[in-house]
Every structure is written in C-alpha cells, then in structure tokens.
Amino acid sequence: MKKRIQMRHEDLFSHMASMIAKSKRVTLAIAGTKKEPGFFYTIGNQEKQLPELLVIGNFQASGMCTLLNNLSDTMLKAGEAPKDGSEIGLGGGYPLLIYLASKDAKEKYTIQAGQFYGNEDYQVMQVVLPDQKGVYPPD
C-alpha cells in the first residue's frame, strides 16, 4: 500500500509559490472517478495578468500538463490571452478550442487556485479537445 504524505495547506501553498517563481506556474492534474471526469489546470498565469487554463476530461496527465504549459508559454510570449472562442492549431489534425470558462466550471474545477490567491479574482479559460474524429464535446 502506498504511503500518503500529509501536507498542510500553508506548506502546500508555500511549495506552489516556490514552483511558480521557478517555473512560471504549477499545473495540477486531478484524477477522475467513475462518476466525475479528471481535470487539469494551471496556477500562476494570473500573476502575469493572464487567465489560468483548464482542461476537463480523462486524458493522460503528462500530455495535458505539457499542453497547458505550452499554451501558457504562448500566452506569455504574446503578452495576451487568446480571444474567447479561438481555435488553436498545434500542427496536427484538429485545432483546440479555447473559451472563457463558465462561473460554474471555475468554481467546481479550480478551487485550489482561489485558495492559493486568497480570492476569486482570477480568470479561467477552458481548453476543449476534439476526439480522434474531430468531434468536440458539448458544453
């Protein structure tokens, strides 16, 4: 059986702040359950006046963390967020879609970001990926 490491919120947030200072952001990967999908999101973009990024779905963690880090770096280089409803091509098949996340999605999926910042005054953009046939999920 795996040993669980217990960490206080203060210690976790201190570690996250250190990671953000070194790496520009922290990307969280939350495993799904039988009833709820997994999800992935950034914390740290808000410090540069850019939105945090969110992906909802049962995807491979390393791939989604890489995707969110690359998209975040692209925003940093551009100095701005993509426009709501933008298509973002990655040089492959179908583009990603990116939307301003709904208030419900922000509240449900980015809880740690609000706790880390100590407020809910941050923006979230949801990245939507198509399936292998190019079909995008409904909202």
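Is Ser23 buried, partly exposed or exposed? Ser23 is partly exposed, because its relative accessible area is 35%. On this scale, buried means under 20% relative accessible area, exposed means over 50%, and partly exposed is in between, all with a 1.4 Å probe and protein chains only.

Okay, a word on what we're looking at. This is a predicted model, where local features need pLDDT of at least 70, side-chain atom pairs count only at pLDDT 80 or more, and totals for chains, interfaces and linings use all residues. Residues are numbered from 1 along each chain as its sequence is written, and side-chain values use heavy atoms, with hydrogens and water left out.

So, the overall picture. You'll find four helices and six strands in the chain. Helices here are DSSP runs of H or I with at least four residues, strands are runs of E with at least two, and the numbering starts at the N terminus. Going along the sequence, the order is α-β-β-β-α-β-β-α-α-β. The radius of gyration is 15 Å, close to the 14 Å that the globule rule gives for 139 residues, so the chain is as compact as a globular protein of that length. That radius is taken over C-alpha atoms, and the rule is 2.2 Å times the number of residues to the power 0.38. The C-alpha trace spans about 45 × 40 × 25 Å along its principal axes.

Buried residues are 37% of the 139. Now contacts, meaning heavy atoms within 4.5 Å: among those with a separation of 6 or more, 55% come from residues 24 or more positions apart.

Let's go inside. A nonpolar core is a set of buried Ala, Val, Leu, Ile, Met, Phe, Trp, Tyr and Cys residues joined through side-chain atoms within 4.5 Å. The largest one here has 17 residues, and those touching the most other members are Met16, Tyr41, Ile43, Leu54, Ala113, Phe116 and Tyr117. Two or more residues of this core come from each of α1, β1 (26–30), β2 (39–43), α3 (103–109) and α4. There's also a second, separate core of 15 residues, and Leu53, Leu67, Met75 and Ile88 are among them.

Setting aside neighbours within four places in sequence, Phe116 contacts Phe13, Met16, Ala17, Ile20, Ile43 and Glu47.

Next up, Gly114, which sits in helix α4 (residues 111–117). Gly114 counts as buried because its relative accessible area is 5%. Beyond the neighbours within four places, Gly114 is in contact with Asn119, Glu120 and Tyr122. Gly114 and Ile43 are 71 residues apart along the chain, yet their C-alpha atoms are separated by 9.2 Å.

Back to our opening residue. Ser23 belongs to helix α1 (residues 9–23). From Ser23 to Ile88 it's 65 residues in sequence, and 23 Å in space, C-alpha to C-alpha.

Then comes Lys24, in the loop between α1 and β1. Lys24 is partly exposed, because its relative accessibility is 37%.

Gln49 is another residue other than glycine with a positive phi, near 60°. Its place is the loop between β2 and β3 (52–56). Gln49 is exposed, because its relative accessibility is 71%.
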